[in-house]
Amino acid sequence: MLKIEDLHVEVDGKPILKGINLEVKAGQVHAIMGPNGSGKSTLAYVLAGRDGYEVTKGRVLYKGQDLLEMAPEIRAAEGLFLGFQYPVAIPGVSNIYFLKAALNAIRKHRGEDPLDAIDFMKLSKEKAALVQLPDELTKRSVNDGFSGGEKKRNEIFQMAVLEPSLAVLDETDSGLDIDALKVVAEGVNSLRGPKRAMLVITHYQRLLDYIVPDVVHVLIDGQIVRTGDKDLAKQLEEEGYAEVRDAQPL
Amino acid sequence: MTKLSRRTLLGSLPTSFETGPEWLRALRGRAASTLREQGLPTKRTEAWRFTPIRSVANAEFSPEEGSAPSLTSPVPEGVTARSLRQVLQAEPTLLEGLLDLGGTPTHFAALNTALFSDGLWIDVPAGMAIEAPIELVHALPTSSERSVAYPRVLITVGDGAELTLVETYAGENAGQLTNSVVEVDLGRNAKMNHARVHENAGLQVGRVDVRQDADSNYRSTVVTLGGALLRFDVRCLLQGKGAECQLDGAYLIDGEDLVDHHTLVEHQASHCRSAQSYRGIVSGKGTAVFDGIVVVHRDAQKTEAHQENRNLLLSETATVHTKPHLEIDADDVVCSHGVTVGSLDEHQLFYLRARGIPEDLAHSMLTYAFLESIVERVSHEPTRARMREAVLTRIPHGDDVRGIA
């Protein structure tokens, strides 16, 4: 599904990612854990295609294609989904219109007919229920006046509607209380499947109690310093990043 | 309809006014002499610095007879809508003191005062709340003639009365000039929603003068969709304690069009509140001008006044001149003003594209959304829908963005 090879990325001339190697197979959930400033969000943005991130070395293969050559909207249409750490508000664009436009753009890319209003409303209601997003919020402007928890639920709601093959979730747990975290995690878990892969980026182990990963990577200073199973996350929680910081890169 | 010979605007001022009631002849005389003294504005006139009208001042126009606006909605029972010309003939005293609400008029307003031949007076008696809006259309005939019209509208809303007025200014011919004056007199606790749609392809200088008594509420939303040269002034005089006004505007400027909005809010009494929000999108070689003044008089304590002008520049050849300013003589006030001139928000653009929306469609969505926050404030649903439609037809991929809000 996703193969990252020796990826080096600079922002404003400053190296942030310093040789990332990572392979995520269909059906797997990988977690990337790391302290602030380790390059977690940079990795998420590079995968989604945001401007301002310069790849100086390495490549990223997604379903065998060169991901870095694709425009952001093509990546999305090919099934990549970024769950934003800080979803932006877009006053004047209703949530439901936006999502319908997104879904139909993706369907068009796949050579499918657009979903009509009735079918879309049905789909949207069903998926909104999954993350307990109130009907009223689906009609409001995108993320406008949403609480932190509502924004994150809205991200997972969008993911549920768009049904990506690869979901990159950037600190989906930040700003969530425990109840909201459970709702979001349940939404994510319901989308797990043999054909779908997920890259869950988080600072804290807490999220991984609810979204149990197959593989855990520790990212420090732009490099993956440890890789293990879910127990590695627990170990990090107990010992802290300081212990693994001194470990040799694998 | 008789076509009179073509003259320059100033050249068409008569030397004396022979018809109508004494007070009107005097008012027209004062307007004409002010105009002769000061002339039409030039580039050196501060309020016209960015809006060159020399070609208008030098051009010859033939007067358009019968340029009164047409009523396109039924007039609710109890409300009167009468021709100004008829009232001036039959019961002129009813209008005395109501056709110069803003004081002695200057420049184009003076020209209108001196030369208007007809117009409309809508009166909502005290205590009457009208739900259905009254709709007016100002449309110039589609002749190729270079002509000038002087529409004049007077709105009087009695104590505790409520009115929604929707005005549309339309015209196809770029050579035609509309010089309009709308005067609004709001009684105590009166309320008015005033929506204006400017779809005039030609030249227009328009003015709205509002006088507000205590606890009255005036809300104006203007949507301006291009035009060779359009200049609109709105002036609110908050004369009674606790009066409120909200002035909102959206403009979409393309080609070589120039659109100039001036606002003036005078807080003359205490505990009044005013807010202004104008937003526009300028592309091509278009020019937007915004000049907003809030004056807080010495006795107008507990004033709250806010002013905001935001602009999206979509081309390198588009220009914005914006100047919001406050003149405050009272000490116990809350005032704010702000201006932005920029391009589409990169974060929003990326968010949309990251969900699969193609870049050009994402541009259109954000362009539309920028104006939607003004359009959504129009309370009358059919008018709001019409404004949305008018904006959508003028932005790229507008058809694909329909239903966005």
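How many residues of domain 1 of chain B are in contact with how many residues of domain 2 of chain B? I found 18 residues of domain 1 in contact with 15 residues of domain 2, two residues being in contact if their C-beta atoms, placed from the backbone, lie within 7 Å.

I noted that this is a predicted model, in which local features need pLDDT of at least 70, side-chain atom pairs count only at pLDDT 80 or more, and totals for chains, interfaces and linings use all residues. Residues are numbered from 1 along each chain as its sequence is written, while chains are lettered from A and ligands numbered from 1 in the order in which they are written.

**Entry 1. Domains of chain B**

I looked up the division of chain B and found domain 1 (7-343) and domain 2 (345-405), with bounds from an automatic or database domain assignment. Their C-alpha centres lie 28 Å apart. Strands (E, at least two residues) and helices (H or I, at least four) are DSSP runs, numbered from the N terminus. By class, that side of domain 1 has 10 nonpolar, 5 polar and 3 charged residues; Ala, Val, Leu, Ile, Met, Phe, Trp, Tyr, Cys and Pro count as nonpolar, Asp, Glu, Lys and Arg as charged, and the others, Gly among them, as polar.

**Entry 2. Helices α5(B) and α6(B)**

I read the axes of α5(B) and α6(B) as coming within 9 Å and crossing at roughly 130 degrees. Axes are lines fitted to C-alpha atoms, for helices over the stretch in contact, and angles run from 0 to 180 degrees between N-to-C directions. The two helices are therefore oblique to each other; angles under 35 degrees count as roughly parallel, over 145 as roughly antiparallel, 65 to 115 as roughly perpendicular and the rest as oblique. From α5(B), I listed B:Gln348, B:Leu349, B:Leu352 and B:Arg353 as making the contact with B:Glu359, B:Ala362, B:Met365 and B:Leu366 of α6(B).

**Entry 3. Helices α6(B) and α7(B)**

I found that the axes of α6(B) and α7 (residues 381-392) of chain B come within 11 Å and cross at roughly 160 degrees. These helices are therefore roughly antiparallel to each other.

**Entry 4. Chain B against chain A**

I found 21 residues of chain B in contact with 20 residues of chain A. On the chain B side, α6(B) gives the largest share, 8 residues.
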